[in-house]
Amino acid sequence: PFSLIEGLAIASYAIGAEKAFIYLRGEYHFLFNLLESVIKQAKDKGFLDNLEIQICEGAGSYVCGEESALMNSIEGRRGEARYRPPFPPSKGLWGKPTIINNVETLMNIPKIILEGARWFNAIGTQKSKGTKVFSVSGDVERPGVYELVMGSPLKELIDIAGAREVKMVQVGGASGHIIPKNMMDILLCYEGVLGSGAVTVFDETRDVIDIVHKDIAFLAEESCGKCTPCREGTHIMAEILERLSQGEGFREDIAALEDLSKAMMAASLCGLGQTAPVPVLDTLKYFRNDYELRIHQSEILRALKAQRLDISN
Ligand code: SF4
């Protein structure tokens with residue numbers, strides 16, 4: 001954690017900021033005392049004479065990971081995205097110029113200054129430098145946090161975590177890309193697939209539509225509701241996917257999911273709504289047969305029910 005404080009101090013010095021915030025999601029309250037202690041130790045040593053660092057705890061909202069909703073939350077307002085422009089560097093917290101960076105980015109700064117930009121540039125791929133921390137969960141023997149060089153194959157990460165009989169992997173959390181098992185050589189970097197670093201492995205026993213339904217239901221719950229495409233789109237998608245997963249789908253559902261996806265990606269105000277359709281579109285691309293088979297089964301069931309009704313009449 002000291003490299004976070006150091007990175008924060010260097011970044012603040014570079015832009016002339018006298019106040020910095022560490023935004024801690026509500027679920028990670030257990031880290032509060034540790035952070036407070038490292039800030040105090042740095043202060044006692046005189047490293048933070050010109051900088052005040054405040055830890056700001058959220059209440060667990062997913063959308064507060066989005067930069068403008070995060071600023072609202074720090075200001076004590078409802079955690080919902082802001083219209084942009086203006087962007088944070090010109091008008092951010094309390095209307096003042098603000099930069100917002102991920103903890104990982106800030107923690108890279110001291111090392112880059114010590115070792116030099118050439119050293120850092122030599123790690124990773126052409127467009128993705130350094131290392132990345134991944135949190136691996138799901139059907140693996142060793143779930144946990146792993147740090148890999150940018151550009152490592154996805155297969156390397158899931159092998160380290162002990163994945164077996166993989167059906168697909170979701171990279172980047174609930175709105176992350178779904179990678180089918182025949183694409184495990186894809187590279188973990190901006191040129192390949194990356195996202196937030198949350199990686200979930202699903203084995204052959206998992207139901208694709210059920211997984212996507214859970215993703216979208218979660219995002220519908222976490223949508224802040226400020227813009228219509230996301231507020232309505234996530235709920236309608238969740239309803240369609242629930243129907244499909246329960247074997248009550250219709251042929252038109254696939255086109256409806258695709259149309260909704262396009263509208264949400266084009267018209268949503270922030271990243272939550274813009275990326276929510278990603279797992280839907282990926283599974284429609286790589287696992288379309290699963291959708292079509294489920295709809296076909298629904299049609300047969302409906303036809304059988306209708307026949308039974310006819311006979312009993
Ligand atoms: S996209 Fe969703 S989360 Fe973002 S502002 Fe619109 S409703 Fe809120």
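A nonpolar core is a set of buried Ala, Val, Leu, Ile, Met, Phe, Trp, Tyr and Cys residues joined through side-chain atoms within 4.5 Å. The model in the viewer is predicted.

**Stop 1: the largest core.** Select Ile216, Leu241, Leu244, Leu257, Val280 and Tyr291. Of the 33 residues in the largest nonpolar core, these touch the most other members. Next, colour the elements that give two or more residues to this core: helix 7 (208-222), helix 8 (228-245), helix 9 (252-267), helix 11 (278-286) and helix 12 (288-312).

**Stop 2: Leu257.** Centre the view on Leu257. Apart from neighbours within four places in sequence, Leu257 is in contact with Met237, Ile240, Leu241, Leu244, Val280, Leu284 and Tyr291.

**Stop 3: the second core.** Now show Val136, Leu154, Val169 and Val199. They are among the 21 residues of a second, separate core.

**Stop 4: helix 1 against helix 4.** Select residues 2-15 (helix 1) and 103-115 (helix 4); their axes come within 7 Å and cross at roughly 80 degrees. The two helices are therefore roughly perpendicular. On helix 1, the contact is made by Ser3, Leu4, Glu6, Gly7, Leu8, Ile10 and Ala11. Helix 4 contributes Val103, Leu106, Met107, Ile109, Pro110 and Ile113. By class, this contact has 10 nonpolar, 2 polar and 1 charged residues.

**Stop 5: cysteines.** How many disulfides does the structure hold? It holds 0. Select Cys64, which is in no disulfide: the nearest cysteine sulfur, that of Cys224, is 8.9 Å away. Cys64 is buried, with a relative accessible area of 4%. Finish at Cys189, which is buried as well, with a relative accessible area of 1%.

How values were computed: Residues are numbered from 1 along each chain as its sequence is written. This is a predicted model: local features need pLDDT of at least 70, side-chain atom pairs count only at pLDDT 80 or more; totals for chains, interfaces and linings use all residues. Side-chain values use heavy atoms; hydrogens and water are left out. A disulfide is a pair of cysteine sulfur atoms within 2.5 Å. Buried means under 20% relative accessible area, exposed over 50%, partly exposed in between (1.4 Å probe, protein chains only). Helices (H or I, at least four residues) and strands (E, at least two) are DSSP runs, numbered from the N terminus. Contact means heavy atoms within 4.5 Å. Axes are lines fitted to C-alpha atoms, for helices over the stretch in contact, and angles run from 0 to 180 degrees between N-to-C directions. Angles under 35 degrees count as roughly parallel, over 145 as roughly antiparallel, 65 to 115 as roughly perpendicular and the rest as oblique. Ala, Val, Leu, Ile, Met, Phe, Trp, Tyr, Cys and Pro count as nonpolar, Asp, Glu, Lys and Arg as charged, and the others, Gly among them, as polar.
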